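Let's take a friendly walk through this model, from its overall makeup down to single residues. Please keep the 3D view open as you read.

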Amino acid sequence: VATAPKGAGGDAGTGALLGAAMEALAGGDVGVAEAASEAVVALAATVAGDDSADAHAAAALLGALRHQIDKVAAGGGGGDGEGGEEGTVLLRLLSAAVSIASRSGSLLRVAADAGALTPLTDIVAGDDVLLQMNALALLPPLASTADGIALLQSSGALPRVLALAGAGGGGDMAMPSMDD
């Protein structure tokens with residue numbers, strides 16, 4: 001059984017369970033992966049508070065998720081090893097990270113601190129158009145709050161999205177006039 005990275009879980013049982021959930025989330029069986037994603041997001045909803053125990057649990061969960069994202073991005077932990085599947089698994093993991101981060105301002109901060117959203121913003125800034133298009137579909141929940149917009153702005157993702165949309169240099173978009 002896979003385990004979560006050191007420092008990512010409370011006791012050994014929790015770490016093993018969290019690691020197994022992350023492996024299932026990155027696995028090749030889509031049904032199992034979807035169920036694991038729902039479970040991980042639901043678990044995150046239970047630790048969405050601001051007290052230190054919740055913050056520690058959220059950091060453990062998002063740290064384990066980032067660890068799995070890094071593993072898949074490095075080509076060593078997603079799907080059943082068939083070509084092209086890493087992108088799909090990576091997007092599935094990033095979708096779970098976005099679902100968790102968009103639940104509350106505290107979870108967004110923990111996700112940002114854990115670096116769980118950095119691969120998403122890196123994809124948006126990258127050159128893989130297909131991966132980029134799919135990553136753009138994950139941004140609306142983050143962009144629905146002021147904290148999320150600030151994160152996207154500071155990461156460079158928002159100016160990149162505006163540039164892709166044809167908003168011009170520097171992200172300045174001319175607003176249409178009602179007189180036109």
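## Ground rules

This is a predicted model, in which local features need pLDDT of at least 70 and side-chain atom pairs count only at pLDDT 80 or more, while totals for chains, interfaces and linings use all residues. Residues are numbered from 1 along each chain as its sequence is written, and side-chain values use heavy atoms, with hydrogens and water left out.

## Overall fold

The protein has ten helices and zero strands. Helices (H or I, at least four residues) and strands (E, at least two) are DSSP runs, numbered from the N terminus. Along the sequence the pattern reads α-α-α-α-α-α-α-α-α-α.

Of the 180 residues in the protein, 36% are buried. Here buried means under 20% relative accessible area, exposed means over 50%, and partly exposed lies in between (1.4 Å probe, protein chains only). Contacts, meaning heavy atoms within 4.5 Å, can also be sorted by sequence separation. Among those in the protein with a separation of 6 or more, 58% join residues 24 or more positions apart.

## The largest nonpolar core

A nonpolar core is a set of buried Ala, Val, Leu, Ile, Met, Phe, Trp, Tyr and Cys residues joined through side-chain atoms within 4.5 Å. The largest one here has 43 residues, and the members that touch the most others are M22, L65, L93, I100, L117, L120 and L142. At least two residues of this core come from each of α1 (12–25), α2 (30–46), α3 (52–73), α4 (85–101), α5 (105–114), α6 (118–125), α7 (129–136) and α9 (146–155). Helix α4 gives the largest share, ten residues.

Leaving aside residues up to four places away in sequence, L120 touches L94, V98, A135, L138, L139 and L142.

## α6 against α7

Two packed helices are described by the angle between their axes and the distance between the axes. For α6 and α7, the angle is about 130° and the axes are 8 Å apart. Axes are lines fitted to C-alpha atoms, for helices over the stretch in contact, and angles run from 0 to 180 degrees between N-to-C directions. The two helices α6 and α7 are therefore oblique to each other, given that angles under 35 degrees count as roughly parallel, over 145 as roughly antiparallel, 65 to 115 as roughly perpendicular and the rest as oblique.

The crossing of α6 and α7 is left-handed; that is, the near helix is turned anticlockwise from the far one by less than a right angle, whereas clockwise would be right-handed. On the α6 side the contact is made by L120, I123, V124 and A125, and on the α7 side by L131, Q132, A135 and L136. By class, these are seven nonpolar, one polar and no charged residues. In this scheme Ala, Val, Leu, Ile, Met, Phe, Trp, Tyr, Cys and Pro count as nonpolar, Asp, Glu, Lys and Arg as charged, and the others, Gly among them, as polar.

Apart from residues up to four places away in sequence, Q132 touches I123, V124, A125, G126, R160 and L164.

## Two pairs with α9

The axes of α5 and α9 come within 10 Å and cross at roughly 20°, which makes α5 roughly parallel to α9. Their crossing is right-handed. G105, L108, R109 and A112 of α5 meet D147, G148 and L151 of α9, a contact with three nonpolar, two polar and two charged residues.

With helix α10 (residues 157–164), the axis of α9 comes within 4 Å and crosses at roughly 80°. That angle makes α9 roughly perpendicular to α10. The contact is made by I149, L152, Q153 and S155 of α9 and A157, L158 and P159 of α10. By class, the α9 and α10 contact has five nonpolar, two polar and no charged residues.

## Residues to locate

A146 lies in helix α9 and is exposed, at 61% relative accessible area. A146 and G105 are 41 residues apart in sequence, with 9.4 Å between their C-alpha atoms.

G27 sits in the loop between α1 and α2 and is buried, with a relative accessible area of 17%. The C-alpha atoms of G27 and V89 are separated by 7.7 Å, although the two are 62 residues apart along the chain.
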